[in-house]
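Look at the structure below and keep its sequence at hand.

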Amino acid sequence: MAAGWDWGSGEGLLGLDNPEEWDGALERGEDHLGTAAIGLAFNCSLEEASPRIVRAMRLPDAAQRGFAFTAAGTAARLNGELTPELYAALRAEGPGGKSIAVNAVDDTLDYVPFRQLPLWLKWWKLVSKVQDKLETWRLEATYAVSDVWKALRRRP
């Protein structure tokens, strides 16, 4: 165990601030690399953390891959930008609602200025806004019909 991180339990890894320690843990086949990638996003520069986050997105363990995408969202929140490699990894995973990257994409859309987004993410932002508006209208119409139906049923 080095400098307060426990690779076996994952304890302390959110404080990981040493990219070389992450690299060594990857070579040793340690667990909790996705968790540690979040630590790197919090404690290192985007340039240092980015390649490790991308590698963590390819881990065989689905939970740790999920944490890697959380790390990407964290990086977007903290830096107001992502690297081209992180954008490519998000695009490869897909931005849709059933994607493991959905929260990272949402964080990126919320915290990275629109003008700095790659074209595919600008389009996704527009598509998702239209989908949200259509869903709002559908729900409003459904509630209105339900209210009318209830009112008609109460009439003698």
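What follows is a walk through selected residues and their contacts.

The model is predicted, and local features need pLDDT of at least 70, side-chain atom pairs count only at pLDDT 80 or more, and totals for chains, interfaces and linings use all residues. Residues are numbered from 1 along each chain as its sequence is written, and side-chain values use heavy atoms, with hydrogens and water left out.

Begin with the salt bridges. A salt bridge is a side-chain nitrogen of Lys or Arg within 4 Å of a carboxyl oxygen of Asp or Glu. The structure holds six of these bridges. One of them joins Arg28 to Glu21, with 3.5 Å between the closest N and O atoms. Glu21, Arg28 and Glu30 are linked in a network of salt bridges. To describe how covered a residue is, three words are used: buried means under 20% relative accessible area, exposed means over 50%, and partly exposed lies in between (1.4 Å probe, protein chains only). The accessible areas themselves come from the Shrake-Rupley method with a 1.4 Å probe, and for residues only the protein chains shown count as cover. Glu21 is buried because its relative accessible area is 16%, whereas Arg28 counts as partly exposed because its value is 48%.

Another salt bridge is formed by the side chains of Arg77 and Asp107, at 3.1 Å from N to O. This pair links distant parts of the chain, as Arg77 is in helix α4 (residues 62-79) and Asp107 is in helix α6, 30 residues apart. Helices here are DSSP runs (H or I, at least four residues), as strands are (E, at least two), and they are numbered from the N terminus. Asp107 has a relative accessible area of 14% and is therefore buried; Arg77, at 43%, is partly exposed.

The bridge between Glu135 and Arg138 has an N to O distance of 2.7 Å. Both residues lie in helix α7, three residues apart, which is about one turn of the helix. Glu135 is partly exposed, with a relative accessible area of 36%, and Arg138 is partly exposed at 44%.

Now turn to a contact of another kind. Ser50 lies in helix α3 (residues 46-56). Is Ser50 buried or exposed? Its relative accessibility is 2%, so Ser50 counts as buried. A polar contact of 2.5 Å joins its side chain to that of Thr83. A polar contact is a pair of N or O atoms within 3.5 Å; within protein, one must be able to donate a hydrogen and the other to accept it, and residues adjacent in sequence count only if both atoms are side-chain atoms.

Phe114 is found in the loop between α6 (102-111) and α7 (119-154). At 38% relative accessibility, Phe114 is partly exposed. Together with Leu119, Trp123 and Leu126, Phe114 makes a nonpolar surface patch of about 450 Å². Patches are made of residues with over 30% relative accessible area and no salt bridge; like charges are joined within 9 Å, and nonpolar side chains (Val, Leu, Ile, Met, Phe, Trp, Tyr) within 5 Å. The charged end of Lys122 sits over the ring of Phe114, 5.6 Å from the ring centre. For this, NZ of Lys or CZ of Arg must be within 6 Å of the ring centre and within 35 degrees of the ring normal.
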